[in-house]
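Good morning, colleagues. Please have the sequence and the structure in view as I speak.

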Amino acid sequence: MNSTGISDSSTGISDSSTDISDSSTDTSNATAFAVRPRRHTTWLVEGVEHLHAVVRVQLVWLALTLLGLIVVGIAPATCAAADALRAQRRGELTRVLPLMWESYRRELVPAGVRMLPLMAVQMLALAMLWQAAAGLSSNPAVMAVLGTLGAIAAGWATVSLAAIAVAPRVRRQDVLVTWRLALLMPGAVPFRGLALVLLVAAWALVSTTVWPLALLLGAGLAVDAAVALLATRIGLLLEDLGGHDPALH
């Protein structure tokens, strides 16, 4: 674990967050989801079903984000979307609205406190990147430095935000511990993080070109990519980290 840049002493994970299983998102709500019965199906049918789930998650995410007037609603809505998509990937028949609403209410304040500062950094970095791409400075060296710093900061913030959204144990820590873990995650999972950044950037470009896709899939597909690439890996990293500290068992 030394190569990841995460040490047992640097994370300060609290004893109250020992359960890192995917079921940690208040899965006791039996009305929200149930185990899907086993059945024989094809990959095409499974893909269509998953895409349908992403569309449902996207529409609820949009409604919950607007309910919070965007600024207040976007962080808890994103965490709720991640919880629903993790349940979907576990093979559970998800009732999206009840599950996301429960998660949204639970994460309304905690997720906002933890994610909004990183979102502000992300927006500032994207503004720097746009300024460099638009050539607003007459000095090519300044534009190159501005663009490089903007790209690195935007990518790092994106992976850090994704880590908070898809890993309930990360966001359940004290605020400073959550930020520390989130900021270390891009270095801990560099290839997965880079893949996520490239996928999100490409998807953002497609969504701005074909707006109906942004409406139907938009953030839902981006969150689904984050869940697929990061959720299990981060869980394993934290489990390994907890294995070295008896207090985390």
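In which helix does Thr 178 lie? Thr 178 belongs to helix α7, residues 175-188; helices here are DSSP runs of H or I with at least four residues, numbered from the N terminus. The model is predicted, so local features need pLDDT of at least 70 and side-chain atom pairs count only at pLDDT 80 or more, while totals for chains, interfaces and linings use all residues. Residues are numbered from 1 along each chain as its sequence is written, and side-chain values use heavy atoms, with hydrogens and water left out.

Thr 178 has a relative accessible area of 0% and is therefore buried (under 20%; exposed is over 50% and partly exposed in between, with a 1.4 Å probe and protein chains only). Leaving aside residues up to four places away in sequence, Thr 178 touches Arg 114, Ile 164, Val 170, Arg 171 and Gln 173, where contact means heavy atoms within 4.5 Å.

Finally, the loop between α2 and α3 holds Leu 69 and Ile 70. Leu 69 has a positive phi near 55°, and Ile 70 one of about 65°; neither is a glycine. Leu 69 is exposed because its relative accessibility is 70%, whereas Ile 70, at 46%, is partly exposed.

Terms used:
Helix = DSSP H or I, 4+ residues; strand = E, 2+ residues; numbered from the N terminus.
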